[in-house]
Amino acid sequence: MKRKERFVEALLAFSGGLTILTTLGILIVLLIESIAFFNEVSIVEFLTDTQWTPLFADKHYGILALVSGTILTSFIAILVALPIGLSIAVYLNEYAHPRMRQIVKPVLEILAAIPTVVYGFFALTVVTPFLQGFIPGLSGFNSLSPGIVMGIMIIPFISSMSEDALYAVPKSLREASYGMGATRFQTAFRVLIPAASSGIIVSVILAISRAIGETMIVAVAAGQQPRLTLDPLVPVQTITTYIVQVSMGDVEQNSIEFRSIFAAGITLFVFTFVLNTISAKVKRKFQHKYE
Amino acid sequence: MSHKLTTQDVHVWYGSFHALKGVTLSVKPNTVTAFIGPSGCGKSTFLRLFNRMNDYIEGFHMGGEIIIDGRNIYGKRILVEELRKEVGMVFQKPNPFPKSIYDNVVYGLQIQGINDKHVLEEACETSLKQAALWNEVKDNLKKSALALSGGQQQRLCIARTLAVKPTMILMDEPASALDPISTAKIEELILELKSQYTIVIVTHNMQQAARISDRTAFFYLGELIEYDKTVNIFTNPKEEKTQSYITGRFG
């Protein structure tokens, strides 16, 4: 019996250790290849050049051209997802019948389970042509359409976590507000959302993280033209799309072109790492609030 | 003198549980009325009927009539939000919003659309003075309400309720979570507020009921057993159950 216990314990510890080792492994490879990259390209050029053309004869390595594509698509996504996700959260929390809530929540979460390549084709073949009907200047590839579709994809991230945060607001605050003659709407927007703000901020940060790392939707519908722009109507390339493009192409291993994807990768990693750190900090602050 | 509040054969059910069984009583303006009785006797349920705070509880339904200022508050044409501006409430546990002291006090006015800074500041000062909290917080109105002590928080909640200018204030065991000194302050406050407001208070503390109320209602198992002048309830009750309860034989 005792030996069996010990075996199970070792197995569980091994599973836990494996995930940590994998993460460490990824980080080490990223670092080694990036350092090799930065031996050839100065970090100043990397951070200040406005063009990203490692695959062309005239090579430029300005990551900003990819970062702008990533930020633009993610920003549009949040612009779509935050108001809709928050409205859904408030509706489910304040207005919906508990039974309604039990149905709507899992259905919404299906949105996150749809393969992203499906979203990508939806953006390219449905949303873009539809938007072109209103916006004549819209290119076939652009950041607006995948941004909107990505926004729809991350709605459940925001609605589900925000709803949990609203639900955690003590009932006594709700009663205080109602007791003074506030409507449900006033209570939701003046008391509940401010009281749940840290939880809502965490949900938004995680949703942004998800949007920044999202690959297929932008690869299919945003185009492959790195470009330092804030114009949502023209083709752009995100960091993730560039990595896909190089990985799928026939770039020689250990060449500077090949190493550029690790530099792009570590940039992406820095972004999500910073966001996750912020969200962990906010979360910790939130936990102290009502105790 | 006409009555501020009259209830007529009020019943309450939560699902199939019969929580109040035909309560009829009247309350005069500018008086303090205390509801006493053992836990689960229905006194809080009864109190929360007067500003319709039971409406959100699942399975709640009621019968009978409750008249405040001549209007049936469960009638079809009543706006619940308007009713609650008239009938304010102070809860058992201090429940200030996680905002500044100032923002807490003016909340009720802001939701009515009042944004004039002078009006709000004046209302804030007046209400805090009425709630005997002004001298303790006047230099720190921007401080978070959560940084106050429990007793101060409860007086802030009273100030917040007063700012809306209700005519009637419901208090659901307002001092049960407080220390004796804070409790004394709240009781003193209630006696002062009586001149301007009609106060109904639920309390577990019989000395408190005896100290501050004009009339006392004793509830037991969803029924109003006895309702009379406080002096009579505590010195010469007519019902045996009241006698047993106030002498501590059950509850």
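First, a definition: the bend at a residue is the angle between two axes, one fitted to the seven residues ending there and one to the seven starting there. Helices are DSSP runs of H or I with at least four residues, strands are E runs of at least two, and both are numbered from the N terminus. This is a predicted model, where local features need pLDDT of at least 70, side-chain atom pairs count only at pLDDT 80 or more, and totals for chains, interfaces and linings use all residues. Residues are numbered from 1 along each chain as its sequence is written, and chains are lettered from A and ligands numbered from 1 in the order in which they are written.

Now look at α6(A). A kink of about 40° lies at Ile154(A), shortly before the proline Pro156(A). In α6(A), 22 of the 24 residues are buried (20 or more other C-beta atoms, placed from the backbone, within 10 Å of their own), so the helix is largely enclosed by the rest of the structure.

Next, the domains. An automatic or database assignment divides chain A into domain 1 (2-39) and domain 2 (46-290). Five residues of domain 1 are in contact (C-beta atoms, placed from the backbone, within 7 Å) with eight residues of domain 2.

Last, the two chains. Which chain gives 18 residues to the contact? Chain B does, and chain A gives 15 residues. On the side of chain B that touches chain A, α2(B) gives the most, with four residues.

Conventions
Two residues are in contact if their C-beta atoms, placed from the backbone, lie within 7 Å. A residue is buried if 20 or more other C-beta atoms lie within 10 Å of its own, exposed if 12 or fewer, and partly exposed in between; C-beta atoms are placed from the backbone.
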